[in-house]
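Morning, everyone. Let me put one model on the screen and walk through its packing.

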Amino acid sequence: FRLALIQLHVSAAKAENLNRACQFVRIAAKQGAKLVVLPECFNSPYGTKYFPEYAEKIPGDSTQKLSEIAKECGIYLIGGSVPEDDSGKFYNTCTVFGPDGAMLAKYRKIHLFDIDLPGKIRFQESETLSPGDMICMFDTPYCKIGLGICYDMRFAELAQIYAQKGCQLLVYPGAFNLTTGPAHWELLQRGRAVDNQVYVVTASPARDEKASYVAWGHSSAVNPWGEVIAKAGTEETVIYADIDLKKLTEIRQQIPILSQKRSDLYAVQAK
């Protein structure tokens, strides 16, 4: 099946972001995409000061728009993420909608992006956000899909649990920056794909040099052999990848690591 990754230019105008996202979803659907992915924080600027300002309830205006466009286009839509307000607590939340417009999944980012690289970047999501407390998978007619958001990709255990539970595609809407992006963005995607013999895709916002937080861009798709099969530059664009589950099965048969794990010696499991 074909999927599309939308690398959206995100402005300070929420309504404009939503409308542009919907326009790109329509374009992707016309190009044959059955699954469309939006970037992390696609409806608001990325930053701790913006999260409370742009946060909304779920369901709310943004997720209602996602539901409507998924139904209009008859596609599965992974809505990147939006700042969510739930009883005064804020979360970085991804919602998923089916071709009938129904919400299939809601995932709150479980690993908050708290880093400090002296002289380069300091960012503390925990200053305003709360972490989620549940992993999230959902089924489609094509395959089972596991969700993470950005920083979650650094935690190999999460990806391994998804693979153990039958996921063949892992999706990480993300907004790496100009420090971590060139160092680790592609490396982590290829690592998670090879470790678990799954497809891994990421959707980043387009790069905006004028923003307070500058996203790396380079939305990508990686196959279970660790090959990058689609990759954007830094500009606003839509890229496409064809997911070949027969290839995934062949790779797992040729190098059967999933059945060769020494469960008598070690285990990774969800609680």
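I will go from the record to the cores, then the rings, then the helices, and end with a few single residues.

Ground rules first. This is a predicted model, where local features need pLDDT of at least 70, side-chain atom pairs count only at pLDDT 80 or more, and totals for chains, interfaces and linings use all residues. Residues are numbered from 1 along each chain as its sequence is written, and side-chain values use heavy atoms, with hydrogens and water left out.

Now the annotation. UniProt, in an unreviewed entry, puts "domain: CN hydrolase" at residues 1–245. Its positions are in the numbering used here, feature names are shortened, and annotations may be inferred rather than shown by experiment. Over that stretch the chain is 25% helix and 29% strand. The end C-alpha atoms sit 9 Å apart. Helices (H or I, at least four residues) and strands (E, at least two) are DSSP runs, numbered from the N terminus.

On to the cores. A nonpolar core here is a set of buried Ala, Val, Leu, Ile, Met, Phe, Trp, Tyr and Cys residues joined through side-chain atoms within 4.5 Å. Buried means under 20% relative accessible area, exposed over 50%, partly exposed in between, with a 1.4 Å probe and protein chains only. The largest core has 46 residues. Which members touch the most others? Ile78, Leu147 and Leu169. Strand E11 (residues 167–173) gives the most to this core, with five residues. Take Ile78. Setting aside neighbours within four places in sequence, its contacts (heavy atoms within 4.5 Å) include Leu35, Val37, Cys94, Val96, Phe138, Leu147 and Val171.

Next, the rings. Rings of Phe, Tyr and Trp (its six-membered ring) pair if their centres lie within 6.5 Å; planes under 30 degrees apart count as stacked, over 60 as edge-to-face, the rest as tilted. How many aromatic pairs does the structure hold? It holds 11. Look at Phe1 and Tyr142. Their ring centres are 4.8 Å apart and their planes at 20 degrees, so the pair is stacked. Phe1 is in the segment before strand E1 (2–7), and Tyr142 is in the loop between strands E9 (137–139) and E10 (144–147), so the pair ties together parts 141 residues apart in sequence. Tyr142 is partly exposed, at 30% relative accessibility. There is also a cluster: ring pairs link Tyr46, Phe51, Phe113, Phe123, Tyr151, Phe155 and Tyr213.

In helix H4 (residues 156–164), Leu158, Ala159, Gln160, Ile161, Tyr162 and Ala163 are buried. The buried residues of H4 pack against strand E6 (103–108), E9, E10, E11 and H5. Just after H4, Gly166 takes a positive phi of about 100 degrees. Helix H5 (residues 180–196) has 17 residues, which should span 24 Å at 1.5 Å a residue; its end C-alpha atoms are 23 Å apart, which agrees. That expected span is 1.5 Å times one less than the number of residues. Buried residues in H5 include Trp185, Leu188 and Arg192. Gln197 follows H5, with a positive phi near 55 degrees.

Last, single residues. Where is Ala33? In the loop between helix H1 (14–30) and E2. Ala33 is buried, at 2% relative accessibility. Tyr240 is 207 residues from Ala33 along the chain, yet their C-alpha atoms are separated by 7.6 Å. Tyr240 sits in strand E15 (residues 237–242). Buried or partly exposed? At 23% relative accessibility, Tyr240 counts as partly exposed. The C-alpha atoms of Tyr240 and Arg2, 238 residues apart along the chain, are separated by 6.8 Å.

Then Pro45, in the loop between strand E2 (35–37) and helix H2 (50–54). Pro45 is buried, at 15% relative accessibility. Beyond four places in sequence, Pro45 is in contact with Val10, Ser11, Ala12, Tyr50 and Tyr54.
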